Structures are given as structure tokens and as C-alpha cells.
Amino acid sequence: MIGLKKTWLDFLEDESGMGVVEIILIIVVLIAMVLIFKDQITTLVNSIWKSINQSAKKIY
């Protein structure tokens with residue numbers, strides 16, 4: 001009976017799964033931010049590509 005109690009207490013104190021939960025929450029927040037700021041991100045990326053293409057044309 002003491003072994004069962006110790007096993008149960010060890011199970012309750014085990015936090016090895018916390019890393020997975022934290023990573024999942026971070027991924028969910030990042031996906032939400034991408035969905036919220038989708039238009040701004042698209043505009044920024046398009047602007048960067050235009051700048052890169054213009055600079056490349058000057059080199060060649």
C-alpha cells in the first residue's frame with residue numbers, strides 16, 4: 001500500500017510533460033499572430049522582395 005501511495009505522489013509531482021504543453025501554447029500563439037497580422041506580413045514580405053529584385057537589377 002505504501003508503494004502505491006509513493007507511486008501516486010511521484011506521478012503528481014512529475015512535470016516532464018510541461019515542456020510539450022508550453023511548446024504547443026507558443027505555437028498556437030504564433031499561428032494566431034500570423035492570422036491576425038497576415039496582411040501586414042504579406043505587405044512587408046512583398047516590399048522586401050521588390051527591394052531585393054531592384055538591387056539585383058542594379059548589380060547585373
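How many helices and strands does the secondary structure of the protein chain come to? The chain has 3 helices and 0 strands. This is a predicted model, in which local features need pLDDT of at least 70 and side-chain atom pairs count only at pLDDT 80 or more, while totals for chains, interfaces and linings use all residues. Residues are numbered from 1 along each chain as its sequence is written, and side-chain values use heavy atoms, with hydrogens and water left out.

**View 1. The whole protein chain.** Along the sequence the pattern reads α-α-α, where helices are DSSP runs (H or I, at least four residues) and strands likewise (E, at least two), numbered from the N terminus. The C-alpha trace spans about 80 × 25 × 10 Å along its principal axes. Of the 60 residues, 0% are buried; buried means under 20% relative accessible area, exposed over 50%, and partly exposed in between (1.4 Å probe, protein chains only).

**View 2. Helix α1.** Helix α1 covers residues 2-13, which is 12 residues. From first C-alpha to last it reaches 17 Å, close to the expected 16 Å (1.5 Å times one less than the number of residues). The helix is hardly covered, with a count of 0 buried residues.

**View 3. The salt bridge between K6 and D10.** The whole structure holds 1 salt bridge, defined as a side-chain nitrogen of Lys or Arg within 4 Å of a carboxyl oxygen of Asp or Glu. In the pair K6 and D10, the closest N and O atoms are 3.1 Å apart. Both residues lie in helix α1, 4 residues apart, about one turn of the helix. K6 counts as exposed because its relative accessibility is 53%, whereas D10, at 39%, is partly exposed.
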